[in-house]
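Q: Can we go through this one together? I'll ask, you answer.

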Amino acid sequence: MKKYTDTGKKDTRSGFGDGLTELGRKNPNVVALCADLVGSLKMQDFIDENPERFFQVGIAEANMIGMAAGLTIGGKIPFAGTFANFATGRVYDQIRQSVAYSDKNVKICASHSGVTLGEDGATHQILEDIGLMKMLPGMTVINTCDYNQTKAATLAIAEHQGPVYLRFGRPKVANFTPADEEFQIGKAVHLLEGNDVTIIATGHLVWEAIQAAEQLAEKGISAEVINIHTIKPLDEEAVLASVKKTGCVVTAEEHNYLGGLGESIARTLVKNHPAPQEFVATNDTFGESGTPEQLLEKYGLNAEAIVKASEKVISRK
């Protein structure tokens, strides 16, 4: 089993901020907008270097999306940043009409997703945003796992033509992917090879999946771990190849099981290769206030939950 090492905990939102700063230096068409959350989105370095390419819209997210759509008409590549809750639910109509339906080259950059924003509480913890965004025709949906991958994704989406939803988070988490790894939109990353069960994870739960695979190995169970950073378009070829080999799958995500990655995997399997599946996700519920660690444990979004789900799904083969 290949060993992935935590090189030091970093927040994925800083990966976005550093990627945006690098884009500001290399691509003059990149502009940034923010809804009064510059510090939280780590956008200050970009602003300092490119004050004329930044638009502070205040607490007016719908206006921000409209402005971003308009900027694309002049050839700009707008990166619009705010919390995931405000970036989707609050402005869904504007995204649907002005961005998705109009096929505008807007990059919606959403921090503080899932329950791991922690103490900010349930009203800010969105667990349905992936579902909202993946249902929009033409919308690319990306959910990164660590600092390095978030930075790489930020750079990659600037080269992609079309609307993108980039989802990342607040807490410092394990930084384990190679800093020089190319980010390919729509291409899954095989982290570990295995034969008994496929574990498909996204976002903060990718590291938990790796830890789960190590615990399963101690029990004599060989787990294959796949990082699905791009939920739409989904790498169906990679999913099917793995599940055909192992015969069962566990999906793991910091999102409601309704509308998330797990449902996309289930649809792919039903259409092509039916197989037992277990879901590690929130069960049709909102979050609550607490530390990220407390919430991940309470809602069953950790390595231990993935181990239990893996043992259960293997028994169903």
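This is a predicted model: local features need pLDDT of at least 70, side-chain atom pairs count only at pLDDT 80 or more; totals for chains, interfaces and linings use all residues.

Q: Start with Leu261. Where is it?
A: Leu261 is in helix H11, residues 261–272. Helices (H or I, at least four residues) and strands (E, at least two) are DSSP runs, numbered from the N terminus.

Q: Is Leu261 buried or exposed?
A: Leu261 is buried, because its relative accessible area is 0%. Buried means under 20% relative accessible area, exposed over 50%, partly exposed in between (1.4 Å probe, protein chains only).

Q: What does Leu261 touch?
A: Leaving out residues up to four places away in sequence, its contacts include Ile200, Thr202, Ile228 and Leu234. Contact means heavy atoms within 4.5 Å.

Q: And Thr268, buried or exposed?
A: Thr268 also lies in helix H11. Thr268 counts as buried, because its relative accessibility is 0%. Beyond its neighbours within four places in sequence, Thr268 contacts Leu234, Glu236, Leu240 and His273.

Q: Which residues of H11 are buried?
A: In H11, Leu261, Gly262, Ser264, Ile265, Thr268 and Leu269 are buried. Down the axis of H11, the buried residues fall within an arc of 165 degrees, so they line one face of the helix. The arc is that of the directions from the helix axis to the C-beta atoms.

Q: What's on the face turned away from the buried side of H11?
A: That face carries the exposed residues Val270 and Lys271.

Q: What do the buried residues of H11 pack against?
A: Among their partners are helix H7 (129–134), strand S10 (197–201) and strand S14 (277–282).

Q: What span should H11 have?
A: At 1.5 Å a residue, the 12 residues of H11 should span 16 Å. The end C-alpha atoms of H11 are 17 Å apart, which agrees. The expected span is 1.5 Å times one less than the number of residues.

Q: New topic. How many aromatic pairs are there?
A: The count is 5 aromatic pairs. Rings of Phe, Tyr and Trp (its six-membered ring) pair if their centres lie within 6.5 Å; planes under 30 degrees apart count as stacked, over 60 as edge-to-face and the rest as tilted. Phe16 and Phe168 have ring centres 5.0 Å apart and planes at 20 degrees, so the pair is stacked.

Q: Where do Phe16 and Phe168 sit?
A: Phe16 is in helix H1 (residues 12–26), and Phe168 is in the loop between strand S7 (164–167) and strand S8 (172–173), 152 residues apart. Both Phe16 and Phe168 are buried.

Q: What about Phe176 and Trp207?
A: Phe176 and Trp207 form a tilted pair, 5.0 Å centre to centre with 40 degrees between the planes. Both Phe176 and Trp207 are buried. Tyr4, Phe176 and Trp207 form one aromatic cluster.

Q: Last one: how many residues are in the largest nonpolar core?
A: The largest nonpolar core has 38 residues. A nonpolar core is a set of buried Ala, Val, Leu, Ile, Met, Phe, Trp, Tyr and Cys residues joined through side-chain atoms within 4.5 Å. A second, separate core of 37 residues includes Val197, Trp207, Tyr299 and Val313.

Conventions: Residues are numbered from 1 along each chain as its sequence is written. Side-chain values use heavy atoms; hydrogens and water are left out.
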